[in-house]
Number of protein chains: 2
Amino acid sequence: MGYTELDQLAVNTIRVLAVDATTKANSGHPGAPMGLAPAAHVLFNKFMNFNPKNPKWLNRDRFVLSNGHGCMLQYALLHLFGYALSMDDLKSFRQIDSITPGHPESHDTPGIEVTTGPLGQGFSNAVGLAMAQAHTAAIFNKSGYDLINNYTYCIFGDGCAMEGIASEAASTAGHLQLGNLICIYDDNHISIDGDTKIAFTEDVLKRFEAYGWHTLWVQDGDHDLQGIEEAIQKAKDIKDRPSVIKVTTTIGFGSKLQGTGGVHGNPLKTDDAQNVKKSFGFDPDKSFVVPQEVYDLYGKHSSEGAAKEAEWNALLGKYAAEHKAEYDDLIRRQSGKLPEGWEKNLPTYKPTDPAVASRKLSEAVLEKIHNAIPELLSGSADLTGSNNTRWKNAVDFQPPVLNIGDWSGRYIRYGVREHAMGAIMNGLAAYGTVIPAGGTFLNFVSYAAGAVRLSALSRVRVIHVATHDSIGLGEDGPTHQPIETLTHFRALPNCMVWRPADGNETSAAYYSALTAQHTPTIMALTRQNLPHLQHSTVEDALKGGYVAEEAKNADITIVSTGSEVGICIEAAAYLKKNHNVTARVVSMPCWEVFDAQPQNYRLQVFPDGIPCLSVEVLSPMGWERYSHEQFGMNRFGASGPYKEVYKKFGFTPEGISERAITTINIYKGENVRSRVNHEPRAKPEN
Amino acid sequence: MGYTELDQLAVNTIRVLAVDATTKANSGHPGAPMGLAPAAHVLFNKFMNFNPKNPKWLNRDRFVLSNGHGCMLQYALLHLFGYALSMDDLKSFRQIDSITPGHPESHDTPGIEVTTGPLGQGFSNAVGLAMAQAHTAAIFNKSGYDLINNYTYCIFGDGCAMEGIASEAASTAGHLQLGNLICIYDDNHISIDGDTKIAFTEDVLKRFEAYGWHTLWVQDGDHDLQGIEEAIQKAKDIKDRPSVIKVTTTIGFGSKLQGTGGVHGNPLKTDDAQNVKKSFGFDPDKSFVVPQEVYDLYGKHSSEGAAKEAEWNALLGKYAAEHKAEYDDLIRRQSGKLPEGWEKNLPTYKPTDPAVASRKLSEAVLEKIHNAIPELLSGSADLTGSNNTRWKNAVDFQPPVLNIGDWSGRYIRYGVREHAMGAIMNGLAAYGTVIPAGGTFLNFVSYAAGAVRLSALSRVRVIHVATHDSIGLGEDGPTHQPIETLTHFRALPNCMVWRPADGNETSAAYYSALTAQHTPTIMALTRQNLPHLQHSTVEDALKGGYVAEEAKNADITIVSTGSEVGICIEAAAYLKKNHNVTARVVSMPCWEVFDAQPQNYRLQVFPDGIPCLSVEVLSPMGWERYSHEQFGMNRFGASGPYKEVYKKFGFTPEGISERAITTINIYKGENVRSRVNHEPRAKPEN
């Protein structure tokens, strides 16, 4: 019904392009594109609204290929529909500096919404994209202006279905009743180890039903285009639940290895590729051939998409006139820029202000700025009262029918699902109109490591509010006390790790995180109270590191972060009083930011001539970049009241003083080179 | 039926002890123990076989409290049943150096099987414990000798049920048809953020049905002891599936805040605690009181357990006579020691042997040693052909009814479930008779970070075979190329990271991993071929770092690991030939092991007087501990053929030489202090 040979030709064109590109690259995954081509054809050509000339049109339907290894499917579609992805780009598949890398990367390739490949991430991003749509619609749609009504479509495979992160996200989406989310499950029974019967025999649709999803099954996904269309239409008609359509397909359809693991991750053999082409009516000796009628077919859909965008822009124009403030807000949000003057809301502190935990300081920031930054969506992985992520009058983001919030709510209850929270936040950020911040204990950001990595790689502004950031959490003990965590994320490119020492530094951390449009931030915050430093300012803290206590003719620099800075300052006083040793103290809340400062500034902070001791109740690894000796935790922590835990490990003024004196003695008589000095020294050995 | 006031008194004693201990600690979670006391009472007193005098009896039933925050439940039970956990230990709950820390830790507390608290881990450990039982039974049980037939019981809460890791493990257990696994789901509708209706509204039992589990529901878990008993008995009767029993309970039962989040993570108020005691017939003014009849009741069960062990030991004695070899093997396995002479099977290599990828070298080791070490169970998270973790004649660990393996099989198909794989391996190792090794890409060990951390904390011998360890994986691109991963795990205490450079180093890595009885290992292995080094030996590599190319009067030390060592040796030749610069090259496959060498050895490897450049195609963070300058990846990688990727980033003999010369120039004229020298220098500035 309605499907012609032209449709079949288009489907086979996608398949053959996948064969050609993987053959030319001598690398890649032809199987998934060949199996999924029918479903993708119907989805893209019958349902999806997009304009390839403006891949950033706000109300476009979002598409996520969660099984990102099948990206030749997506690259072929982007090319055929007329995105700025040429045939040459397809020929450069998996080559250096191409826009067609081995897995889809959103920052380089037009039409790629999110960076996928690590399994389960894309599915969870899709949940975030759908949540962002629901929220943005609730905020901006007005009577007569159904401005934001796009769908989010996602394809995922068996691998994604096995990953826990996708389970978490699916449970979340079911709870949230996201009727705007439609997922196609590529049920091809093959993963890398072969038939899924060896490891994966659960009833996937029944599981999704248990989550509250609407489920459908297309039994012949290789041929039944009409069935695929009907299923997607039914899914669209169900508004109060997300839908999953199991489409049973044959991996590598057309190959003589079809239906086996042999076609999953390797190019087809030459004769096989030739036979595929022959059987699909293509010239077996030619590669990268697209019949003009396929370009025409898809071009027609793209033109319709462009027309839809034009129509939408007209509606937006009327909206601008009638709802000026909302219009301005919507446009501004898409620019990534924050409202002018928002930063005036950031609290500042005097040294005499009472000591307070930095998780509470973070709460104070959120309380002060949430009105000024309406796109900020906070939340927590079931640790709201511990993470202090919720401002007083926050409304939960919930389906209105539950009567515990609504779609316009700006507080997200992620449940105990840290990994999905990370990936959902990536999806939220990718939508383009919201900035997500999500809380958990720092130790459990590690559960979300896969998602945090993709925040950094895909350059999205996501904020991890990571409280209980050390042995300072006390009684919960070693299972909850991070040791390696900050080293881990400091080593991650394009990820800012902030560990503020007091109120002004916490405000600086938020300033930095919120203005970093293309970088995620992990904010490590204490459970225990911290005094405000004598000399901290937001401005200094924004340099990433600064001298918190200067001293002339110092014997040593002590550098520290967060909760230990105050103790180091006490240690400096102790050293002076008891040992007549002069110490200067550096606070370094963010290495990434400090490393970006000019060399002369960095040398002012860490001058030549005296040794430096670093102090942090976490793994010392990496501190060697700044300090000659390190005082940190080379073991797991201990369960007990936090002051006793600090004492047990020697993180007291006395304990730090002892290590400072040792450090001075080691380097006594040497013309010490600052660890940040990487220049030849004019007179090295004077 | 069968339950008396004494049972109720026992239940209430557990509850009151939980109230007292959290009150005394002024910290902790009374709610879960109070709600779970009835289920735990029935489970421990009616079903579980154990002997508190020998908590390591091999055939004991295993118990895992996955919601580890409720550990006062477990501590109370251990005390009451007569384990070496005194009333004073209960009074030291959550205090420094006690055996009753804030979450249960297996290495310190008798009767604690696995370290739990990070949610979802314990549940997944339980799956591993049950798998180990099935495997050990298949290997050792003989006609007339049903030697190994214990059950694994696990309690988990809503938090665990939300975590993806538990979903992965549950799907695995369902596939594996683990009839020896019985889990109690504490359905109390409360998590930290309050009622679970705000985030967790799925049908948990239906989901478990979808995984293939047998499901049961006890509707009144607060009172219906008989119903709990019947459910557990039914679960035991079902032999071909794991069982989950949903027990609906009231969190904090007895408190005036019962059924609310208020009783989850805070001690009861004084008056509330007093009222609880009164209502349970306890003296409100006394704490830590156990009625003698409760000790007697539980003591009777423990005596029966001791008798069962004695009976079992008698059976084992007969077994020893009839099946000497198996008996010896079983006893040896429990000692943690490997079979004598196993290491003779480790392959060694000559420099002239052909270049080969270290993932293949790892395969060669497994091929050679698997007969010698029968307790070694390999596996992969659906990357068998890529990780090369399967020896040729391996049999899959599978339920025999599937006809694709059997319980005696030593190759585990984990599916695309890295996090569960990590936690299941922790459970396998904790059982005491197997050594698990599991493969995935190094980048996706990060998905398992939560479990790896607990391997290290709980001191179990687990091997992560982590292939595709860098940009050297090539075309799959930045989504799959680790950058931060080794820094992360090097910073983790009690975790060995090995990155071997060739065949002899790979053998050394396995020797180290397999003989480290209390330390997990991550083995970073290449996809690409590596030449065998001229001077590598297993013996040298076992020092963690050694001079791979010595040179007299060297200008610089270049230190590297894995795939870059060979390139650095080429760079040394290039430097000599083109710049008349003399470089010595250090290979450092394992930092943890190197750091444990004597200081004089470390100074031989990294001598004073010349600067050191480190080279590794990963984050340079941490290398400052050994090198003055670092050449590494401060950004994400690129998709392309691996040699081109290496070239793009300068990891070639020419590129390394350039950085070496820069390094030499920076430190020219200085009396350079070795980075591993932390002693005062006698004549520092000569």
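Residues count from 1 along each chain as its sequence is written, while chains are lettered from A and ligands numbered from 1 in the order in which they are written. Because the model is predicted, local features need pLDDT of at least 70 and side-chain atom pairs count only at pLDDT 80 or more, whereas totals for chains, interfaces and linings use all residues; side-chain values use heavy atoms, with hydrogens and water left out.

Let's start with the strands. Helices (H or I, at least four residues) and strands (E, at least two) are DSSP runs numbered from the N terminus, and two strands pair if DSSP finds at least two bridges between them.

One open sheet of chain B has five strands in the order S1-S2-S3-S7-S6, paired in parallel. Strands S1 (62-65) and S6 (214-218) of chain B form its edges, each pairing on one side only. From one strand to the next the twist averages 15°; axes here are lines fitted to C-alpha atoms (for helices, over the stretch in contact), and angles run from 0 to 180 degrees between N-to-C directions. Within this sheet, Tyr185(B) stands opposite Lys246(B) in S7(B). Helix H8 (residues 204-211) of chain B lies across S2, S3, S6 and S7 of chain B, at about 160° to S6(B).

The other open sheet, also in chain B, has six strands in the order S10-S9-S11-S12-S14-S13, again with parallel pairing. Here the edge strands are S10 (411-413) and S13 (496-498) of chain B, each with pairing on one side only. The twist averages 20° from one strand to the next. Helix H15 (residues 418-431) of chain B packs on this sheet, touching S9, S10, S11 and S12 of chain B (contact means heavy atoms within 4.5 Å). The direction of H15(B) makes about 170° with that of S11(B). Helix H19 (residues 503-515) of chain B packs on the sheet too, and touches S9, S11, S12, S13 and S14 of chain B. For H19(B), the angle with the direction of S13(B) is about 165°. Gly439(B) stands opposite Val465(B) in S12(B).

| Strand | Partner | Bridges |
|---|---|---|
| S3(B), residues 181-187 | S7(B), residues 243-248 | Six |
| S11(B), residues 435-441 | S12(B), residues 463-467 | Five |

**Where chain B meets chain A**

In the interface, 111 residues of chain B are in contact with 111 residues of chain A. About 9,300 Å² is buried between the two chains, with carbon and sulfur atoms giving 56%; buried area is the accessible area (1.4 Å probe) that two parts lose on being put together, summed over both.

Across this interface there are 16 salt bridges, each a side-chain nitrogen of Lys or Arg within 4 Å of a carboxyl oxygen of Asp or Glu. One of them joins the side chains of Glu670(B) and Arg673(A), at 2.3 Å from N to O. Over all chains, the structure holds 64 salt bridges. Among them is the pair Glu304(A) and Lys300(A), at 3.3 Å from N to O. Both residues lie in helix H11 (residues 292-322) of chain A, four residues apart, about one turn of the helix.

Finally, Leu9(B) lies in helix H1 (residues 5-25) of chain B. Leaving aside neighbours within four places in sequence, Leu9(B) is in contact with Phe282(B), Pro291(B), Glu293(B) and Val294(B). The C-alpha atoms of Leu9(B) and Ile471(B), 462 residues apart along the chain, are separated by 63 Å.
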